[in-house]
Amino acid sequence: MNELSVPRPNNLDAYFMPFTDNKYFKGQPRLLARAEGMHYYTPEGKEILDGTAGLWCSNAGHGRREIIEAIQKQAEILDFAPTFQLGHPIAFEAAARVADLTPDGLDRVFFTNSGSESADTALKIALAYQRARGQAQRVRLVGRERGYHGVGFGGMSVGGIGGNRKQFGAMLPYVDHLPSTHLPGENAFSKGQPAHGAYLANELERLVALHGDTIAAVMVEPVAGSTGVLVPPVGYLERLRELCTKHGILLIYDEVITGFGRIGNHFGAERFGVIPDIMTMAKGLTNAAVPMGAVAVSNEIYDTIVDGTSAGIEFFHGYTYSGHPLAAAAAIAAIDIHVRDDLAGRVRSIEPYWEEASHSMRSAPNVIDIRNYGLTAGIELKSRDGKPGERAMQIFHRCFDDGLLVRVTGDIIALSPPLIIEKSHVDRIFTTLADAIHKEAA
Ligand SMILES: Cc1ncc(COP(=O)(O)O)c(C=O)c1O
């Protein structure tokens, strides 16, 4: 065992792994045992370049001292305290720090423990708000095909990824979907925002014609990440905002991936210049060092819900760990780094280089589309006949064995490295990936 090594577990049986081919994995485990900066290390100490910031979440890179120390210090001061009818100082401080980054007017912050909880919380806030303002008939929720809003029943139902829904029965009632913005015929190989497809937002008019004034909210990711990086067409978000306002419908952005610098601003709302009424976040909020999510809502939504009740609890929702002290400490430290190191600015300055490098994959075999925005890229491959996903999975394994972590969804390779990435890492990501794509095709 060298200095970097961590023992392999003796028994893999007990762990029922999430979103995993358990049978395959346990036969051929690929383990990550430690991490620092841009890299993971296997139990044997082999270095793996992190092309995905873990799961789109370790934005400031791994093992940041300030975050580790903040968590350690907070554990000594206060391990846990309830936030139901009580409070502790650091949760208020963390909320204020989040509100400093959110767009003006979205200054009220509800804490959760994950992106999924943030999505469900946002949907519940939307319903509670509509009721509080005298629009109790607004019970419908609208998502978008291919959207991902986590795995709770709300987010799963409003989400639009068929594979994530098919095992789980009837879903929430009163949910409808906009079409996805994926138009490969018109937009394949677009750099940044694709030119075509703003008109797809008009589908909301069709849903309003169908459902009348019963729609409470529309939830979309500004850039859809988990489905394989779908960037909103020019004008699409603007049109969606316009229609939501026109029809009294709340616009919710799921910023779990796009928050905290990933696409070159604190939040996607700012980058696109289109502000929602509610936004969810998680992942980069604590740099993923402790699980935490949050939902920022407009002051008007908060005031309407809170003032709508004369006395007593105004919103019957919350988690034991909402505003957990260790997570709050991690969030404050992560936000300090995000602001001090101007991670969003770093993204904007490296984005052109990243974009060119991503699109250099166009000449690789079987590549049928490339999409990019901020520090994300989706490289879509032609599926093998009758075996969707197999090609990309093989490339994923080959990259890992060659020291690079990528993520695959279907036959799309999704990249989202830590925002501290240097050009030399970008080069390594794309040479390793190109090599793996060529070898798979050979
Ligand atoms: C946009 C979006 N929403 C929600 C989630 C769910 O987050 P979590 O896995 O923390 O529950 C994710 C996770 O990737 C996401 O990308």
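I began with α5 and found 13 of its 18 residues buried, so the helix is largely enclosed by the rest of the structure. The model is a predicted one, and I read every value below with that in mind.

**Helix α5**

I checked the length of α5, which runs over residues 115-132. At 1.5 Å a residue its 18 residues should span 26 Å, and I got 25 Å between the end C-alpha atoms, which agrees. I then looked just past the helix, where G134 has a positive phi of about 85°.

**Ligand shell**

I listed the residues around the ligand and counted 14, of which S114, G115, S116, G150 and V256 come nearest. Which element gives the most to this shell? I found that α5 does, with three residues. I sorted the shell by class and got seven polar, five nonpolar and two charged residues.

**Whole chain**

I counted 16 helices and 15 strands in the protein chain. Its radius of gyration is 22 Å, close to the 22 Å from the globule rule for 442 residues, so the chain is as compact as a globular protein of that length. I took the spans of the C-alpha trace along its principal axes and noted about 65 × 55 × 45 Å. Buried residues come to 49% of the 442 in the chain. I also looked at contacts with a separation of 6 or more: 73% of them join residues 24 or more positions apart.

**Two domains**

I noted the division of the chain into domain 1 (22-60 + 342-441) and domain 2 (66-340). Their centres, taken over C-alpha atoms, are separated by 26 Å. Across the boundary I found 32 residues of domain 1 in contact with 29 residues of domain 2. On the domain 1 side, the elements giving two or more residues are α2 (53-56), α14, β11, β12 (376-381) and β15 (412-415). I noted that α14 gives the most to this side, with seven residues. By class, the side of domain 1 that touches domain 2 has 14 nonpolar, eleven polar and seven charged residues.

**S322**

I looked up S322 and placed it in the loop between α12 (299-307) and α13 (325-340). Is S322 buried or exposed? I counted 21 C-beta neighbours inside 10 Å; the cut-off for buried is 20 or more, so S322 counts as buried. Leaving out residues up to four places away in sequence, I found S322 touching T83, F111 and T112. I also took its C-alpha to C-alpha distance to V223, which is 99 residues away in sequence, and got 27 Å.

I noted Y174, which is not a glycine but has a positive phi of about 60°. Y174 sits in the loop between α7 (162-165) and β6 (175-178). I counted 15 C-beta neighbours inside 10 Å, so Y174 is classed as partly exposed.

I found N366 in the loop between α14 (343-359) and β11 (367-373). Both of these elements are among those on the side of domain 1 that touches domain 2. With 18 other C-beta atoms within 10 Å, N366 is partly exposed.

Notes:
Residues are numbered from 1 along each chain as its sequence is written. This is a predicted model: local features need pLDDT of at least 70, side-chain atom pairs count only at pLDDT 80 or more; totals for chains, interfaces and linings use all residues. Helices (H or I, at least four residues) and strands (E, at least two) are DSSP runs, numbered from the N terminus. The expected span of a helix is 1.5 Å times one less than its number of residues. A residue is buried if 20 or more other C-beta atoms lie within 10 Å of its own, exposed if 12 or fewer, and partly exposed in between; C-beta atoms are placed from the backbone. The radius of gyration is taken over C-alpha atoms; the globule rule is 2.2 Å times the number of residues to the power 0.38. Two residues are in contact if their C-beta atoms, placed from the backbone, lie within 7 Å. A residue is near a molecule or strand if its C-beta atom, placed from the backbone, lies within 6 Å of it. Ala, Val, Leu, Ile, Met, Phe, Trp, Tyr, Cys and Pro count as nonpolar, Asp, Glu, Lys and Arg as charged, and the others, Gly among them, as polar. Domain bounds come from an automatic or database domain assignment.
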